[in-house]
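Here is a friendly walk through a two-chain model, written for someone who likes to know the cut-offs behind each word. Please have a look at the structure first, and then read on.

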Amino acid sequence: MSDHQQSPEQQPEVQERTTILTRREFTTLLIGSGVTLAMAAFLSEPVNPVVQRLLEAQSTQEAHGAGKHHWVMVIDLSKCVGCDYCVYACQATNDTTDDMRWNIRIDDETDTGEVFHITRPCLHCAHAPCVEVCPVGATYHRDDGLVVMDYDKCIGCRYCQTACPYGVRVFNWQERSDDPNPRVPNWGRPEVPRRPRGVVEKCTFCIHRIDAGLTRGQMPGVDPEATPACVNICPVHARHFGDINDPNSNVARIIASTPTLRLREDLGTDPSVYYIPPEGLA
Amino acid sequence: MTARQLTDNRRLPLFLIWILLLVAGLGIGTVSGIHVLLNGLGVTNLSNQSPWGLWIVVDLSSIALGAGAFTLSAAVYLFGLKRFEAIARAAVFVGLLGYSSAMIALAMDIGRPDRFYHPLIYWNVHSVLWEITMCVVLYSTVLVLELVPIIIESTPLKKNRFLHSLGHNLHRIMPLVAVAGMGLSLLHQSSLGATYGILTARPVWYSPSAPVLFILSAVAGGPALTLFLTLLAGLVLRKEMIPRDVVAGVAKLIGFACLAYLYLKLWSWASQNYYSRLPERELGIQLLNLNTPYGFTFWWGEVLLGAIVPAIIMLWPRLRNNRAILMLGTLLVIAGLVIYRWNMTLSGFTVPLNWSPGVREIAAINTYSPALVEWGVAIGIVSYGWLAYTLGVRFLKLYPEARALRRDAAEVPPSEQPQPQPAGTD
């Protein structure tokens with residue numbers, strides 16, 4: 001510890017000056033300049049990819065109109081009869097098991113005691129807690145409002161499951177067997193490969209249909225081939241899908257003309273799924 | 001037969017039994033771990049409703065209990081408490097054991113252990129978990145840097161000139177390493193609390209005080225574990241591992257940390273449950289109290305036995321000068337910390353999410369209790385920690401100021417001086 005030599009002849013006053021920089025001063029100086037440099041680097045955005053990433057993330061989150069399209073779903077709870085067709089069609093199309101459904105139906109009641117059915121896909125929030133917490137960016141926002149998964153990046157930490165306020169995310173707890181899917185072929189055919197063990201998955205708004213449809217010149221929400229399976233199959237037309245950025249789209253007109261609600265708006269997640277409330281629920 | 005041989009003969013089987021016990025624990029852990037790796041996390045009791053469980057508790061606890069490293073290093077190198085150097089090395093070693101235990105637990109817990117390095121290359125700077133991963137990786141490097149001089153000094157490596165000067169130079173930059181260590185520790189220890197504290201959808205968790213509570217409990221619990229292990233080693237080896245005034249100093253530090261933790265804990269509780277009310281949180285706490293021992297373990301485990309009693313023990317000289325009571329006090333701090341991590345992790349998942357606009361409770365309360373295989377892995381991790389510490393005390397110079405107790409010396413005939421050295425520290 002005591003490394004510096006002290007010559008006995010030196011006067012006390014001189015001795016104080018022998019060390020130009022004490023360790024404490026040096027450390028303080030180093031930390032001070034380090035912090036200053038770090039802040040300067042952080043604030044000068046052209047230099048810093050991190051800041052740029054932050055700004056980009058911010059802009060995609062804020063912009064509803066960032067992309068050309070913003071896909072939304074409208075679910076009419078006053079029409080829903082709770083038949084589970086959308087649940088089964090989703091299971092067949094996205095090849096999920098009964099305990100890993102991407103789209104679920106539950107029963108609830110209004111404060112006047114009227115029972116109603118509510119189905120819940122992923123809500124594709126503009127401020128999605130799952131996206132914010134994912135340590136590797138395996139789940140992210142697309143410009144068209146979709147919250148999607150990169151199964152190749154996911155490390156399976158399940159923080160997104162913990163953070164999602166709606167419980168939409170399911171984890172592949174074990175290797176998927178080659179067993180046939182009981183919903184096939186009555187409710188549709190699998191259109192996406194089964195996911196590997198150890199990653200999280202969730203509803204994609206049938207992203208494969210949307211993307212392929214657009215390249216074919218089809219419009220999601222209008223052409224069934226480009227529309228999510230759950231929307232197509234609904235026997236009472238309780239589900240609508242489309243581009244909220246297009247004022248003439250089906251969904252934009254419904255949202256403009258009908259009172260709708262979104263789930264847990266108090267959390268500020270800004271979901272892309274709008275519900276038309278049942279009778280007796282404002 | 002000399003007295004020395006007698007004591008050695010009596011001690012050796014005990015040591016052997018202890019090591020065999022730990023190796024058995026390690027075996028249980030290995031078998032359980034392989035079972036999980038082969039068959040997936042489906043073999044655990046985790047579910048989509050309770051995706052985190054015992055292993056996360058092990059992970060959080062071992063990182064918090066490793067906090068003695070940064071606390072005591074900071075005391076030595078930043079706050080000029082040079083006498084704490086007598087325990088700082090052991091703290092660094094225990095810290096590294098804590099962090100490596102956490103990494104093992106995490107590797108078991110993630111669905112794709114083969115992608116453990118992904119956070120390092122795919123950055124999501126907005127994620128607290130990303131920040132934690134980066135800090136833990138960097139801080140483990142700091143711990144290794146702090147440990148290298150000790151290893152060089154304790155082994156024949158010191159005869160190598162290059163390594164010797166490397167160790168010496170590393171020792172010289174320790175203040176800088178300690179600054180880096182403290183910064184990184186403050187960041188990730190608090191972010192571990194933020195992992196829960198930032199989740200708006202879980203009213204039982206959502207709280208700005210969670211990060212600070214995590215760090216304060218770690219500042220109490222980390223040194224508590226190091227002090228407990230040090231006293232235990234002294235008891236077994238019949239040595240005074242660190243000077244008495246250092247024992248008292250560390251105890252006081254733990255005591256003040258307990259008080260700070262207690263202050264924020266009570267204030268945090270009062271502000272959220274007494275002075276204000278949020279219907280959702282109120283309902284959540286009600287559900288927890290009806291279905292789990294949450295309230296009981298909170299007040300008795302976390303507050304009374306985990307903070308109040310140890311604070312009294314650590315700050316009352318008459319109590320802390322009694323080794324048995326002091327050891328009990330450190331154990332209480334450790335237990336309180338683990339109970340806090342357990343309660344924190346499980347409570348948020350137990351209360352079901354309610355996103356439906358109707359008035360019904362849409363989901364039942366979630367129950368989780370660890371599966372046998374989860375306990376197996378946990379036993380393996382704990383055994384690893386104990387085994388590594390036991391071997392560390394035996395083969396590394398963790399306690400530079402350790403000296404034999406005079407009482408022990410009196411038992412040995414004069415011809416047998418110097419003292420028998422059961423720990424092969426030379």
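Helix 10 of chain B and helix 12 of chain B are oblique to each other, because their axes cross at roughly 140 degrees. For angles, under 35 degrees counts as roughly parallel, over 145 as roughly antiparallel, 65 to 115 as roughly perpendicular, and the rest as oblique. Their axes come within 8 Å, with helix 10 covering residues 244–273 of chain B and helix 12 covering residues 294–315 of chain B. Axes here are lines fitted to C-alpha atoms, for helices over the stretch in contact, and angles run from 0 to 180 degrees between N-to-C directions. Helices are DSSP runs of H or I with at least four residues, strands are runs of E with at least two, and both are numbered from the N terminus.

Among the residues of helix 10 of chain B that meet helix 12 of chain B are Ile254(B), Cys258(B) and Leu262(B), and the partners in helix 12 of chain B include Val303(B), Ala307(B) and Met314(B). Contact means that the C-beta atoms of two residues, placed from the backbone, lie within 7 Å. By class, this helix contact divides into 13 nonpolar, one polar and two charged residues. Ala, Val, Leu, Ile, Met, Phe, Trp, Tyr, Cys and Pro count as nonpolar, Asp, Glu, Lys and Arg as charged, and the others, Gly among them, as polar.

A word on the source: this is a predicted model, in which local features need pLDDT of at least 70 and side-chain atom pairs count only at pLDDT 80 or more, while totals for chains, interfaces and linings use all residues. Residues are numbered from 1 along each chain as its sequence is written, and chains are lettered from A and ligands numbered from 1 in the order in which they are written.

How many residues of chain A are in contact with chain B? The count is 49 residues of chain A against 36 residues of chain B. Several elements of chain A each supply at least two residues to this side, including helix 2 (23–43), helix 3 (49–62) and strand 2 (104–109). The side of chain A that touches chain B has 28 nonpolar, 10 polar and 11 charged residues.

Ala201(B) lies in the loop between helix 8 (174–197) and helix 9 (210–237) of chain B. Leaving aside neighbours within four places in sequence, Ala201(B) is in contact with Pro129(A), Ala163(A), Pro165(A), Leu267(A) and Leu353(B). Ala201(B) is buried, with 21 other C-beta atoms within 10 Å. Buried means 20 or more other C-beta atoms within 10 Å of a residue's own, exposed means 12 or fewer, and partly exposed lies in between, with C-beta atoms placed from the backbone.

Chain A has nine helices and nine strands, and buried residues make up 42% of its 282 residues.

Now for some backbone geometry. Most residues other than glycine have a negative phi, and most peptide bonds are trans. In chain A, the peptide bond from Val184(A) to Pro185(A) is cis, with omega near 5 degrees.

Asp95(A) sits in the loop between helix 4 (85–94) and strand 2 of chain A, and His237(A) in the loop between helix 8 (229–233) and strand 8 (239–243) of chain A.
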